[in-house]
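Q: Here is a structure to go through. Please take the assignments one at a time and set each against its definition.

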Amino acid sequence: MEKVMEKLEKAKQKDATFDRILGSMCTNPHEIAKKAYEMFIETNLGDYELFKGTKELEDKAIEWIAKLMHAPPDYAGLLTSGGTESNITALWIFKKLSNKNEIILPKQAHFSFEKAASLLDLKLKVVDCQHFMKTRDVKKLLSPKTACVVAIAGNTNFGYIDEIEEIADLCYDEGIFMHVDAAFGGFVIPFVSKKIIDFRAKISSISIDAHKMGMACIPCGFLLLRDKKWLDEIKVRSRCTHTRFQATLLGTRPGAAAAAAYAVMHFLGYEGYEKVAKRCMGNTRWLTNLLDKAGIEYIEPELNLVAIKVRDAFSVVERLKKRGWYVGFDEENSIIRIVVMPHVSREMINKFVEDLRKVIK
Ligand code: 0PR
């Protein structure tokens with residue numbers, strides 16, 4: 001046992017730690033989430049007849065997020081392994097319900113939609129927008145084959161929010177499904193923005209990740225659907241489990257993730273998350289103030305994500321790495337991306353900007 005533990009320690013030492021990670025949408029899970037995860041480590045929600053208590057925690061976590069997203073009475077919620085699974089599942093359902101295969105989505109959409117397209121044989125019609133998607137551009141791409149429009153609430157590169165309310169109205173009028181990817185923004189926007197991204201708009205579904213700004217444990221996301229009947233499209237009889245049906249992409253699913261999400265949601269409450277989101281926004285302004293002072297250009301942030309304009313993003317990333325910093329980047333837009341997650345302190349930001357100045361001079 002000691003020998004293996006030593007090997008584990010050695011491997012762990014090679015990993016980056018969050019005190020140097022600035023480009024990730026993941027963060028250190030909340031202490032209570034870690035405790036809950038450990039406590040439920042062996043449970044499997046793929047066969048919840050065996051784990052009724054864990055299933056209750058999953059249902060309560062889904063209820064918590066459904067309330068935050070103003071879900072209607074007939075909603076259905078799934079706990080997933082994250083944004084990718086949620087996005088794939090939504091498109092899977094909407095393709096089946098509509099019997100159509102075209103998806104309209106913004107250029108900034110996450111690459112998980114490419115995976116969905118490849119798996120589900122969908123045609124992606126990409127809206128060529130700069131930072132976020134506008135209703136008038138969606139209109140131009142609508143066709144009788146459109147199954148669903150995807151809009152992003154907090155996109156991966158800029159943290160911008162598409163025109164969700166207006167696009168939802170358009171989709172509703174045209175009888176088209178609309179999915180919102182709020183994997184990143186779902187735990188921030190309700191607390192720091194007046195924009196409506198949830199079921200108060202005429203959206204069909206929304207995905208929100210608890211393993212990002214929700215501070216739960218990996219893997220944990222949620223998919224909410226306006227109508228629970230839609231789940232029938234993906235329901236299969238499970239012949240070997242004690243549970244008779246499954247309506248999830250995954251079979252065996254970690255109950256520990258549900259317990260961790262439940263624990264942190266009920267420990268922090270909506271007020272606790274509001275504090276976290278506001279602190280992250282305050283730290284984002286701290287970062288942009290320092291960038292202003294240093295004369296470094298950036299794209300005005302809408303959420304806790306700053307896209308810094310640099311000349312050669314790839315080489316800036318490499319030089320920052322040599323100084324121990326991990327940032328995100330997008331070569332096409334020539335930006336490096338800083339996600340001001342809960343673990344990103346003002347002290348980290350101060351040190352980082354000092355190093356960034358040296359690197360780009
Ligand atoms: N939707 C949006 C808007 C996202 O930003 C992401 C992930 C997803 C969906 C997919 O979520 P899952 O990875 O949970 O399936 N966006 C980043 C990415 O993978 C997050 C990221 C980046 C996380 C770097 C960690 C990291 O080290 O591109």
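Q: Where does H70 lie, and how do you know that the neighbours are a helix and a strand?
A: H70 lies in the loop between α3 (52-68) and β1 (76-80). Helices are DSSP runs of H or I with at least four residues, strands are runs of E with at least two, and both are numbered from the N terminus. The phi angle of H70 is near 55°, a positive value in a residue other than glycine.

Q: What kind of model is this, and how are residues numbered?
A: This is a predicted model, in which local features need pLDDT of at least 70, side-chain atom pairs count only at pLDDT 80 or more, and totals for chains, interfaces and linings use all residues. Residues are numbered from 1 along each chain as its sequence is written, and side-chain values use heavy atoms, with hydrogens and water left out.

Q: What makes the bond between I218 and P219 a cis peptide bond?
A: Omega is about 5° for the cis peptide bond that joins I218 and P219. P219 is in the loop between β6 (205-209) and β7 (221-225).

Q: Why is the pair K125 and E102 called a salt bridge?
A: A salt bridge is a side-chain nitrogen of Lys or Arg within 4 Å of a carboxyl oxygen of Asp or Glu. For K125 and E102 the N to O distance is 3.2 Å, so the pair qualifies. K125 is in strand β3 (residues 123-127) and E102 in strand β2 (residues 102-106), 23 residues apart. By this rule the count comes to 19 salt bridges.

Q: What are the bounds of domain 1 and domain 2, and where do they come from?
A: Domain 1 is 2-28 + 270-359 and domain 2 is 31-266, with bounds from an automatic or database domain assignment. Their centres, taken over C-alpha atoms, are 26 Å apart. The contact (heavy atoms within 4.5 Å) takes 26 residues from domain 1 and 29 residues from domain 2.

Q: How much area do domain 1 and domain 2 bury between them?
A: The figure is about 2600 Å², 68% of it on carbon and sulfur atoms. Buried area is the accessible area (1.4 Å probe) that two parts lose on being put together, summed over both. In domain 1, Y270, Y273 and L303 lose the most area to domain 2, together 32% of what that side buries.

Q: How many salt bridges cross the interface of domain 1 and domain 2?
A: The rule finds two salt bridges there. E302 also forms a salt bridge with K195, and the closest N and O atoms, 2.5 Å apart, fall within the 4 Å cut-off.

Q: Which residues come nearest to the ligand?
A: Of the 17 residues around the ligand, T84, T156, D181, H211 and K212 come nearest; a residue is near if one of its heavy atoms lies within 4 Å. For T156, a side-chain N or O atom is 2.9 Å from an oxygen atom of the ligand.

Note on methods:
A polar contact is a pair of N or O atoms within 3.5 Å; within protein, one must be able to donate a hydrogen and the other to accept it, and residues adjacent in sequence count only if both atoms are side-chain atoms.
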